[in-house]
Amino acid sequence: MSAVAAPARVQPPTLETIASGIAANVGVARARTRARIMAVVKADGYGHGAVAVAHAAVAAGAAWLGTTSMTDALQLRRAGITVPILTWLHADGMDGSAAAAERIDVAVGSVEALEALLAHRARGLRVHLHLDTGMAREGCAEPAWAELLLRAQRAQAGGRLRVTGLMGHLAKADRAEPAANAAAVQRMRRARLELLEAGLGDPITHLAATAAALSDPATHFDMVRFGAGLVGIDPSGTTALHGASRLTAPIVHSALVAADTPVGYGGSTVTRTATHLSVVPLGYADGIPRTLHAAASVEVRGLRCPIVGRVSMDQIVIDTGGERMPLGTLATVFGPDDPAPSIHEWADWAGTIPHTVVTGIGPRVRRTTA
Ligand SMILES: *Cc1c(COP(=O)(O)O)cnc(C)c1O
C-alpha cells in the first residue's frame, strides 16, 4: 500500500450570510418608521441567499417579502415561509393560478399585465396596482392609469381579484432630500383617493425603498420596501448599517519572490522589494471586479494585504509581506469587522456601488449562514 499524504484541510471560498446583521438592520428600519416592513429578497437576497435572508428578516419583524419573479416567490413558499409575498416585474411570466393558490400578491403596472393575469381564470387573485411615480420603468404611466383602475374595478366587482395594494417607486430617494421625493408623494396621495373613489378601498400603500425608508418619513405610507438595507447598504448615505456578509477564501499558494518581479498577466505590477506573494482562488469569474484601485486589498491574519497584478479569471495574487503563508490560511475579502475590507470599500475600489459587489459573487462560491 502506498501512503498518500492527506490533503491539507482548507475551507473553500465561502460567502457567509450573517443573520444577526440582517436582524439588526431590520431593527434599524423599525426604529425609523411606524410602517410595516417588506423585506425585498430579489437577486437571491442580493447575493446572500433569498431564503436565508427572508428567514432572518421575518424573524426580526419584517411583515412582508418582495421578489421580482413568481419563481422566486414560490421558492420562499416552498421553504415554508407563510408571510405575505409581493412579486413584481414577472420575468418568468404571470402565473395567476400559482399566485392564487400560494397567496402571492402580484404587482400590475399595465392593462396588458392585468389581462395576462386574469387570463388564467383563477379566482382570489391579490393585486397591487403599480403607478409610475417618476421612474418611467415598470409602473403604469399617467395616460393609462385611469383605464387600469377601471379594469381592476370591474375585475374586483366580478369577484376575480382583490386590489390589496397600491405601489410606487422613487427615482431620487438616494439624494436623501425630501424635496426630491415630494412630487411622487403627492402623486401617491392622489392615487390613494382615486382608488377610494373607484370603490377599491384603501389597500396597503407603499412607495419607499431603503433610501427613503431611512431618510424621508413622508414617503412611508403603510409599508416600506427594504432590500439593500437588509444586507448593510444604505443608498441614502445617512445611516450606518450592519454588515451581513463575509467572503473568505484559503490561500492556496505562497512563495518568496525577489525585488523587481513582474506579477501576473502583462506584468502590470512589479515588486519593489523581496516579498511573499500568495494566491487566493477567487477571480473575476467569482465576482472580483477586474478593474480595481491600487488600494484594493484583502485581510490575512489581521493585516491588509494588497492585491498585486491583474485579477485573473480564477485567482488574485496578494502581497503577504515577510511571511510565507501556510496552505489554507484564510483570507477575508470582505466582512463586517475591521480590519477586513467592507463591501463599501470594494465598491469604491471598483468604481461601483456595493449592490454590484454582493450580487456579483459567483455560483461556485459556497454559501453558508451564520
Ligand atoms: C429593488 C427594489 C426595491 C428595494 O430597493 P432597495 O433600495 O434595495 O431597498 C424596492 N422596490 C422596488 C420596486 C425594487 O425594484
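Where does the ligand sit? The ligand sits in the largest pocket. To sit there, more than half of its atoms must lie within 2 Å of the grid points of the pocket. This is a predicted model, in which local features need pLDDT of at least 70, side-chain atom pairs count only at pLDDT 80 or more, and totals for chains, interfaces and linings use all residues. Residues are numbered from 1 along each chain as its sequence is written, and side-chain values use heavy atoms, with hydrogens and water left out.

Start with the pocket itself. A pocket here is an open set of points on a 1 Å grid over the protein atoms alone, with protein on both sides within 12 Å along at least five of seven lines. Its lining residues have an atom within 4 Å of a point. The largest pocket has a volume of about 780 Å³. Volume is the space filled by probe spheres set on the points, which are joined across faces, edges and corners. The lining has 33 residues, and the closest to the pocket centre are Lys42, His169, Ala209, Pro235 and His355. Helix H2, helix H9 (210-215) and helix H11 (354-359) each give at least two residues to this lining. Helices (H or I, at least four residues) and strands (E, at least two) are DSSP runs, numbered from the N terminus. By class, the lining splits into 18 nonpolar, eight polar and seven charged residues. Ala, Val, Leu, Ile, Met, Phe, Trp, Tyr, Cys and Pro count as nonpolar; Asp, Glu, Lys and Arg count as charged; the others, Gly among them, are polar.

Now move in to the ligand. Residues around it have a heavy atom within 4 Å of it. They include Lys42, Tyr46, Trp88, Arg137, His169, Thr210 and Ala228. The side chain of lysine 42 places an N or O atom 2.8 Å from a ligand oxygen. For threonine 210, a polar side-chain atom lies 2.4 Å from an oxygen of the ligand. Alanine 228 uses its backbone instead: an N or O atom there is 2.8 Å from a ligand oxygen. On its own the ligand has 380 Å² of accessible area, and the protein covers 90% of that. These areas come from the Shrake-Rupley method with a 1.4 Å probe. Helix H2 (42-46) and strand E9 (223-226) are the elements that give two or more residues to the shell. The shell holds six nonpolar, three polar and three charged residues.

A cavity is a set of grid points where a 1.4 Å probe fits but cannot get out. Two cavities reach 30 Å³ or more. The largest cavity holds about 50 Å³. Its lining includes His130, Asp132, Arg137, Glu138 and His169. The second largest cavity holds about 30 Å³. Phe334, Trp346 and Ile361 are among the residues that line it. That lining has seven nonpolar residues, one polar and no charged ones.

One backbone detail remains. The peptide bond from aspartate 338 to proline 339 is cis, with omega near 0 degrees. Proline 339 is in the loop between strand E18 (330-334) and helix H10 (343-350).

Technical notes
A polar contact is a pair of N or O atoms within 3.5 Å; within protein, one must be able to donate a hydrogen and the other to accept it, and residues adjacent in sequence count only if both atoms are side-chain atoms.
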